[in-house]
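Biologist: I would like to learn how to read a structure feature by feature, with the general idea given before the particular case. Could we begin with the backbone and then move on to the packing?

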Amino acid sequence: MTVRSAPSFDVALDNARTVDEIVSVARATEQGGFGTIWIAEQHFYRGVFTIAGAAAEATSSVGIGFGVLSPFIRHPASVAMELSSLTERYGDRFKLGYGVAHIGSSRLGTIPSNQVTGLRDAATATRALLRGDTAYQGAQLSYPPPPVPIYLGSMGPQSLRMSAAHYDGALLGVMCSPTFIASRAELIDTALAKAGRSRDDYSLGALVLTAVADDPADARDAVRKSVAYYLSEIPDVSPRLVGTDVSREDLLSVRAQILEAKATEGPEAAAAVLPDDLVDLLAVAGTPDDVAGRLTRLGDAGLDRVVPHHALDADATVALGAALADRTPGMADG
């Protein structure tokens, strides 16, 4: 059995927020002792490289990750150029996440016929460019940066197996049960062994819809809209909830109600459809201590990094960091 150290803790936000809001949370991420702030790219919102530069300017040491970019929308050469400029200005603080980004890619019509191969090739090309090699169609960066770890944003077994040979780690999506996390960790351990790599050289993380407040009901309400959004956008999340009591039929029924309410009355009405017990299952919401405990237990299921995502503001981030630090001294070391 693989023996791992305690997981590290990061924070993730998407680019639907203003740049100032994200910069505020980046400062709080550093103050709270988290290792990295991951910026998720929803398409047609704010540009993530501009956000990353602003966050780096406002902080001094916290890691900054792109979680995730689609190499089918942003060409790997363009990504490498941006990373080169950021590291020249702000140092060795950046992590790159690649994924299909199904929502944006499908709307733009850029999803390739073989997604696994495309993601493999994107990592290979980007790594070659970042090393200063000319292996990628004769192109070469004029300023190759320090090594940038590349993570795969994925849930599927084929792509995760591929990542064991070509990526430095993976980020699972939201709403994963401990049993699902454990199954993916086992799959990756097997693939790493086949690739001749150690789990020490690979980091498995997961995004966790998270909200923190002194009143647990307020925390639940803060994350409710995020849960409704993901349930409406993902056709079927039931495979991620293996080991829980919720049935696929119940999930699909709630999703149908969310979609109907969203179409007729808007996002607020869609969020109101969600029963409290389902919000509690699909997200981690509560007081700082309660949330810290649940996040730690998710880490114990097989994660190397746990990434609270989506519903945190600056004050909640600092409070959660303090609660996690009580449980995991030196948590930002990873």
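Biologist: Is methionine 175 buried or exposed?

Modeller: Please bear in mind that this is a predicted model. Burial is judged from relative accessible area, with buried meaning under 20%. Methionine 175 has a relative accessibility of 4%, and therefore it counts as buried. Methionine 175 sits in the loop between strand 7 (169-172) and helix 7, a helix that spans residues 178-194.

Biologist: What is the phi of methionine 175, and where else does a residue other than glycine have a positive value?

Modeller: Most residues other than glycine have a negative phi. In methionine 175, phi is near 70 degrees, a positive value although the residue is not glycine. Phenylalanine 44 is another such case, with phi near 80 degrees, and it belongs to the loop between strand 3 (36-40) and helix 2 (48-58). With 62% relative accessibility, phenylalanine 44 counts as exposed, whereas methionine 175, at 4%, counts as buried.

Biologist: Which peptide bond is cis?

Modeller: Most peptide bonds are trans. Here the bond from glycine 67 to valine 68 is cis, its omega being near 5 degrees, and valine 68 lies in strand 4 (residues 63-69).

Biologist: Where is cysteine 176 found, and what does it touch?

Modeller: Cysteine 176 is in the loop between strand 7 and helix 7, and at 12% relative accessibility it counts as buried. Leaving aside residues up to four places away in sequence, cysteine 176 touches Met155, Ile181, Arg240 and Leu298.

Biologist: How should I read a nonpolar core, and which residues touch the most other members of the largest one?

Modeller: In soluble globular proteins, nonpolar side chains tend to be buried together. In this model the largest nonpolar core has 70 residues, of which Phe66, Phe94, Leu96, Leu295 and Leu320 touch the most other members. Helix 7 gives the most to this core, contributing seven residues. A second core, separate and made of 34 residues, includes Leu207, Ala270, Leu278 and Ala311.

Biologist: What does phenylalanine 94 touch?

Modeller: Not counting residues up to four places away in sequence, phenylalanine 94 touches Ala52, Ala56, Ile64, Phe66, Leu83, Leu86, Thr87, Val148 and Pro149. Helix 2 has Ala52 and Ala56 among its buried residues, together with Val48, Phe49, Ile51, Gly53 and Ala55. These buried residues of helix 2 pack against helix 1 (19-31), strand 3, strand 4, helix 3 (76-90) and strand 5 (94-98).

Biologist: At what angle do helix 12 and helix 13 cross?

Modeller: The axes of helix 12 (residues 288-300) and helix 13 (residues 314-327) come within 8 Å and cross at roughly 55 degrees, so the two helices are oblique to each other. Their crossing is right-handed. Helix 12 makes the contact through Pro288, Asp289, Val291, Ala292, Gly293, Leu295 and Thr296, and helix 13 through Ala319, Leu320, Ala323, Leu324 and Arg327.

Biologist: How do helix 5 and helix 6 pack?

Modeller: Helix 5 (residues 115-131) and helix 6 (residues 157-166) pack at an angle of about 20 degrees, with their axes 9 Å apart. Angles under 35 degrees count as roughly parallel, and helix 5 is therefore roughly parallel to helix 6. The crossing of this pair is right-handed. The residues in contact include Val116, Leu119 and Arg120 of helix 5 and Gln158, Ser159 and Met162 of helix 6.

How values were computed
Residues are numbered from 1 along each chain as its sequence is written. Side-chain values use heavy atoms; hydrogens and water are left out. A nonpolar core is a set of buried Ala, Val, Leu, Ile, Met, Phe, Trp, Tyr and Cys residues joined through side-chain atoms within 4.5 Å. Buried means under 20% relative accessible area, exposed over 50%, partly exposed in between (1.4 Å probe, protein chains only). Helices (H or I, at least four residues) and strands (E, at least two) are DSSP runs, numbered from the N terminus. Contact means heavy atoms within 4.5 Å. Axes are lines fitted to C-alpha atoms, for helices over the stretch in contact, and angles run from 0 to 180 degrees between N-to-C directions. Angles under 35 degrees count as roughly parallel, over 145 as roughly antiparallel, 65 to 115 as roughly perpendicular and the rest as oblique. A crossing is left-handed if the near helix is turned anticlockwise from the far one by less than a right angle, and right-handed if clockwise.
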